[in-house]
Amino acid sequence: MKEKIVIFDTTLRDGEQSPGASLNVLEKVEIARQLAKLKVDIIEAGFPVSSPTQFEAVQQIAESVDVTVTGLARAVEQDIQVAYEALKGARRFRIHTFIGTSDIHIKEKFRDNRYGRTLKDKRATILKMAQEAVAFAKTFTDDVEFSPEDAGRTDIGYLVEVVEATIAAGAVTVNIPDTTGYTMPAEFGAKIAELRKRVSNIDQAMISVHCHNDLGLAVANSLSAIQNGARQVECTINGIGERAGNAALEEIVMALKVREDYWGFQTGIQVEEIFNTSRMVSAFTGLIVQPNKAVVGDNAFAHEAGIHQDGVLKSRQTYEIMSAESVGVAKTRMILGRHSGRHGLAARLKELGYNLSKEDLQHAYDKFVELADKKKEILDDDLRILMGDEIYATDRHYEMQSLHVSVDTGTTSTATISIKVGDRAVQDSAVGDGPVDATFKAIDRALGTKASIESYQVRSVTAGRDAQGEVLVRIRRHGRLFMGRGVSTDIIEASAKAYLQVLNDEWAYTQEAQNKLTTPVDESFAQTV
Ligand code: KIV
Ligand code: ZN
């Protein structure tokens, strides 16, 4: 039997920290169910203390899946207690606590003299906080993971001390994060080897790694760590995550599988579910998978050059090291249309990984019929978008009721919009340089908003003249990026929907900010993730 590499998925925690990606609770639960189908070993469902929505998402996921669920907690009692409250309904749960250990984190995030005056004193305080946090988490569960944040840049002698102390306090997994994606593969691998050599009680814990992709090395660093003794990898679907993202789950898993002859390890991952999971995450987050992305990109199995096409026709193995079907890309395109019926739709949605209640299925069917009136062929990507856009959409504070736009090339365009705001309706008109500009200005006039648009993107969801247009709008407010997506066969309508969704997202954020579960322990410490 080959040794197992434990797959810890953090799509719903670190992945959701991707700029502009925000998932509502229903979407998170659906992704968690799909991750369970993919057979990941651990799902990191969120950071419960950080907001009421995060708490609720972790709580609902904990109760919905038969997989170990974990939640992140800073190394303070309040966070750990709240994480436990969110996780306690799970069949199995883990508490994951962390604290920054690199000199730069210690000096900058723990400036307050309460933590000590010199670096030496502050290091001693951090080590004590880490130990106490693990011991406190241990009062709720045996399954405690500790992460010395920015371990990639942490002095090795101090890292050895912290890891040893936290294992002694009861951590059964020690996760070594390359938080800033700074290390090189051989260097990171050597760090893991050094820990194995110098930490006296290392045999009492599993070594995990968590690599960021700032230099494009997250997967290489994770594999190098495995080569040197790590047995758990933390990763995300499509490699999404803070800044340049995390190590991509699908790349690590397929590297281990395709080159099993080289590695000699196995994972428990159901690789045929990789493609569906990738597309579900992309459709819900609005983070588009780049076409040349390894394993799940549109071009990952496309052969363009004549010589390659000729070779593949003779034998696929000439230019393919894995087949598209092996990661779940369907061999033939499934097309639904207005005559497909409720059963046909339900069956296809199930195959794509969506688990709908009876009411949601009825709602999906109504929306499907509406779409089928405008678009003859409905493809998988249309369905995925429909799910995110309609079925899992949470209550919207602002909702478009009608939009009228007139366009005259060469002159200005005019838009008139009516929007439902709570239980009243507001209406206004504006002229603009083009139909989108006029629509955005009409929305601003109607709602009294004025957001400066950081990015505006349009793409077609599938091919064909009647394809749906997907519009993504991003704005920056309160030092944060908000993203909205709108989909329609009419791209002006899609633009209006996207802009309203951004405003809805911002509205929800400001509401939640007023309702924070906790006051930060201290301001500098609060900014750690
Ligand atoms: O990147 C990081 O260091 C993290 C930790 C909280 C594990 O996300
Ligand atoms: Zn991270």
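Analyst: The answers below set values against their definitions. This is a predicted model, in which local features need pLDDT of at least 70 and side-chain atom pairs count only at pLDDT 80 or more, while totals for chains, interfaces and linings use all residues. Residues are numbered from 1 along each chain as its sequence is written, chains are lettered from A and ligands numbered from 1 in the order in which they are written, and side-chain values use heavy atoms, with hydrogens and water left out.

User: What makes the protein as compact as a globular protein of its length?

Analyst: The protein has 18 helices and 16 strands, where helices (H or I, at least four residues) and strands (E, at least two) are DSSP runs numbered from the N terminus. Its radius of gyration, taken over C-alpha atoms, is set against the globule rule, 2.2 Å times the number of residues to the power 0.38. For 529 residues the rule gives 24 Å and the protein has 25 Å, which is close, so the protein counts as that compact.

User: Which residues are the protein donors of the zinc ion (ligand 2)?

Analyst: Donors are N, O and S atoms within 2.8 Å of the metal (3.2 Å for Na, K and Ca); water is not among the atoms, so sites may look incomplete. Asp14 (OD), His210 (NE2) and His212 (NE2) lie 2.0 to 2.1 Å from the zinc ion. Their spacing in sequence is D-x195-H-x1-H.

User: Why is histidine 210 called buried?

Analyst: Buried means under 20% relative accessible area, exposed over 50%, and partly exposed in between (1.4 Å probe, protein chains only). Histidine 210 has 4%, so it is buried. Histidine 212 also has a relative accessibility of 4%, and therefore counts as buried. Across the protein, 54% of the 529 residues count as buried.

User: How do you know that serine 222 is buried?

Analyst: Its relative accessibility is 0%, so serine 222 counts as buried. This residue is found in helix α8 (residues 218–227). Leaving aside residues up to four places away in sequence, serine 222 touches Val209, Cys211, Val233, Ala247 and Ile252; contact means heavy atoms within 4.5 Å.

User: How many nonpolar, polar and charged residues does the lining of the second largest pocket have?

Analyst: Ala, Val, Leu, Ile, Met, Phe, Trp, Tyr, Cys and Pro count as nonpolar, Asp, Glu, Lys and Arg as charged, and the others, Gly among them, as polar. By these classes the lining has 18 nonpolar, eight polar and 13 charged residues.
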